[in-house]
Amino acid sequence: MMRSKALVRCAVVLLSLWLCIQSVPISVDKTKEMPQEEELGPPQSAETGLHYDRYLREVIEYLEKDPHFREKLKNANMEDIKNGKLSKELDFVHHNFRTKLDEIKREEMNRLRMLIKAKHDIQDGNTGWTVDHQALLKQFEHLNHMNPETFEVEDLDRLITSATKDLENFDRDHHEEFKRYEMMKEHERRERLKNMNEEDRKKEEQHYDEMKKKHADHPKVNHPGSEDQLKEVWQEADGLDPEDFDPKTFFKMHDSNGDGFFDEAELEALFTKELEKVYNPENEEDDMVEMEEERLRMREHVMNETLGQHPYFTEEELREYEQQLANEENKINIRSAELQRQKEELERKQEELNAQRMGLQQAVEEMEKLKAQNLKAEVNQPRAPVAGGEPAPVVPLPTGHQQQDVPVPGHS
């Protein structure tokens, strides 16, 4: 949610038609003082998650501060943004802001140099790891690295192109992730039904249909940004007569920061009012994940009129998704069976090793026992008497012969 709001923030200012902000001209005091020098501080807008996040937000916030560029942005359309017409207005931005933009770009260039150096250091310390030079070059797509000192029209063009592409990719990925969520939810519901008896299955299907009808039973949802929606806010939230509705006055009232635009918080307030008609976190039938998807669809609708009661997925997409799940489950089962076979083989080998170890231990114990018996026999062996009362030494005969006392020569 935070990432989504942050992306909208950048879109609101730099890519105004990303949210298709239909700003109404608001009287501006043309006798403005010249912009004053100010210290370059951290950007105040929410993070986007882009790798050039800080650079993007700082550029946006300084361009917002220039009265000329601000006015041009307010009156620009998407075609002006895409074809570079808006970027050319950078030439008319006040010198103080251009100087700050130069400084911002130099800081970004230094950050990218440090990033590349760090990756090369990793490569030097790990011979098995190589730097992806094509990926590194992509780190510079959002600016003109051939001119590292000054922020020019080409830099703004590149920044707009990169931000547009990344924001579009984010929305596409979000939609795909949400579609998988919905398909998994439906898949699990159908699997539960398969495991029920006929009576329980009918009850569950009836409950499911009741929840769908209950969710669909809500006040009329106005198209975001439509006159009907604005009039409803004018009447219910502002307490004004709908017959007296005036767009210019409405935008002045709801442009809370007075910048001539609806920022993400102001636009979210309009979206939330419509979403609250349909979704309530206390209701079993209302899925808050679906609410956030609808919020994103509302943003997109403001631009391209695509809002509608379209299904989140088709039956064909669900079948393909279930086939993917089945394939993944089959792979897991095969792998699990192989791991079980390996486990059993290891256990069998372990039993063999244990048996061998026990056999060796018994053999060693037997040898030690025989050795002790032989030693005891030698100690207890009697010897023949010799002169002086001492027994003569006894010469043992080979095994199999009867033992006799044979006097050693020299003894009587």
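Trainee: Where does Asp286 lie?
Mentor: In this predicted model, Asp286 sits in the loop that runs between helix H11 (264-278) and helix H12 (288-304).

Trainee: And what is the nearest side chain of opposite charge to Asp286?
Mentor: That's Lys214, and it is 8.0 Å away. Asp286 is buried but has no salt bridge.

Trainee: Then which side chains make a polar contact with the Asp286 side chain?
Mentor: His215 is one of them, at 2.6 Å, side chain to side chain. The side chain of Asn283 also makes a polar contact with that of Asp286, at 3.1 Å.

Trainee: Leaving aside neighbours within four places in sequence, what is Asp286 in contact with?
Mentor: His215 again, plus Val278, Tyr279 and Asn280.

Trainee: OK, switching to salt bridges. How many does the structure hold?
Mentor: There are 25 salt bridges in the structure. As a general point, side chains of opposite charge can pair when their charged atoms come close.

Trainee: Let's take Glu186. Which residue does it form a salt bridge with, and where do the two lie?
Mentor: Glu186 pairs with Arg189, and the closest N and O atoms are 2.9 Å apart. Both residues belong to helix H7, three residues apart, which is about one turn of the helix.

Trainee: Which residues are linked with Glu186 in a network of salt bridges?
Mentor: Arg189, Arg190, Glu205 and Glu315 are linked with Glu186 in that network.

Trainee: What does Glu186 touch, not counting residues up to four places away in sequence?
Mentor: Tyr208, Phe313 and Leu318. Take Leu318: it is 132 residues from Glu186 in sequence, and their C-alpha atoms are 8.4 Å apart in space.

Trainee: Which residues in H7 and H13 meet?
Mentor: From H7 you have Lys179, Arg180, Met183, Met184, Glu186, His187 and Arg190. On the H13 side they meet Glu315, Glu317, Leu318, Tyr321, Glu322 and Leu325.

Trainee: How do they come out on accessibility?
Mentor: Glu338 is partly exposed, with a relative accessible area of 28%. Arg341 counts as partly exposed as well, at 44% relative accessibility.

Trainee: One more: what does Asp173 form a salt bridge with?
Mentor: With Arg172, where the closest N and O atoms are 3.7 Å apart. Asp173 counts as partly exposed at 42% relative accessibility, and Arg172 counts as partly exposed at 45%.

Trainee: Great, that's what I needed.

Definitions and conventions. Residues numbered from 1 in each chain as written. Predicted model: local features only at pLDDT ≥ 70, side-chain atom pairs only at ≥ 80, totals over all residues. Heavy atoms only, no water. Contact = heavy atoms within 4.5 Å. Helix = DSSP H or I, 4+ residues; strand = E, 2+ residues; numbered from the N terminus. Buried < 20%, exposed > 50% of the residue type's maximum accessible area, 1.4 Å probe, protein only. Lys, Arg positive; Asp, Glu negative; His and termini not counted. Salt bridge = Lys/Arg side-chain N within 4 Å of Asp/Glu carboxyl O. Polar contact = N/O pair within 3.5 Å; in protein donor to acceptor, adjacent residues only side chain to side chain.
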